[in-house]
Amino acid sequence: MGFRLMMVTNVKQIMKLQSFARNLLAATTADIPKGYFAVYVGENQKQRFVVPISYLSDPSFQDLLSQAEEEFGFDHPTGGLTIPCKVASFIELTSRLQLNNP
């Protein structure tokens with residue numbers, strides 16, 4: 001019984017993370033709800049993500065912003081905030097932040 005409950009909990013967590021990852025991707029500025037902002041992530045080809053403003057206070061996210069500042073300064077080639085890291089690493093970080101701040 002305990003094993004089955006643990007499996008159900010894990011499946012719910014996985015589904016929540018999948019839903020969260022899908023919601024991170026956005027098509028236009030109109031898709032950005034209040035309390036969120038768009039970032040462009042990737043080393044070569046950039047993908048656009050929409051993340052909560054609350055992530056700005058997280059030290060891990062601040063490290064990414066510092067890297068962006070070092071690489072781009074305030075002149076971002078896409079016109080928006082660009083974060084120079086692998087997309088998979090960004091999704092991993094934001095998924096962890098989502099789990100810690102539901």
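Predicted model: local features only at pLDDT ≥ 70, side-chain atom pairs only at ≥ 80, totals over all residues.
Student: What makes the secondary structure of the chain, and in which pattern does it run?
Tutor: Three helices and three strands. Along the sequence they follow α-β-β-α-β-α.

Student: Why are β1 and β2 called paired?
Tutor: Pairing needs at least two bridges between the strands. β1 and β2 have six bridges, so they count as paired, in the antiparallel sense. One example is Y36, whose bridge partner in β2 is P52.

Student: What lies between these two strands in the hairpin?
Tutor: Five residues. In this hairpin, G42 takes a positive phi near 145°.

Student: How do you know that β1 and β3 pair, and in which sense?
Tutor: The cut-off is again at least two bridges. β1 and β3 (residues 81-83) have three, so they pair, and the sense is parallel. V41 has I83 as its bridge partner in β3.

Student: Why is the set of residues around V39, V41, F61, I83 and F90 called a nonpolar core?
Tutor: A core of this kind takes buried nonpolar residues joined through side-chain atoms within 4.5 Å. The largest such set has 14 residues, and these five have the most contacts inside it. β1, β2, α2 and α3 each give two or more residues. α3 gives the most, with four.

Student: Which residues does V39 contact, beyond its neighbours within four places in sequence?
Tutor: Q47, R48, F49, L81, I83 and F90. Contact asks for heavy atoms within 4.5 Å, so each of these residues meets that limit with V39.

Student: How much of the chain counts as buried?
Tutor: 31% of the 102 residues. Buried means under 20% relative accessible area, so that share falls below the cut-off.

Definitions and conventions: Residues numbered from 1 in each chain as written. Heavy atoms only, no water. Buried < 20%, exposed > 50% of the residue type's maximum accessible area, 1.4 Å probe, protein only.
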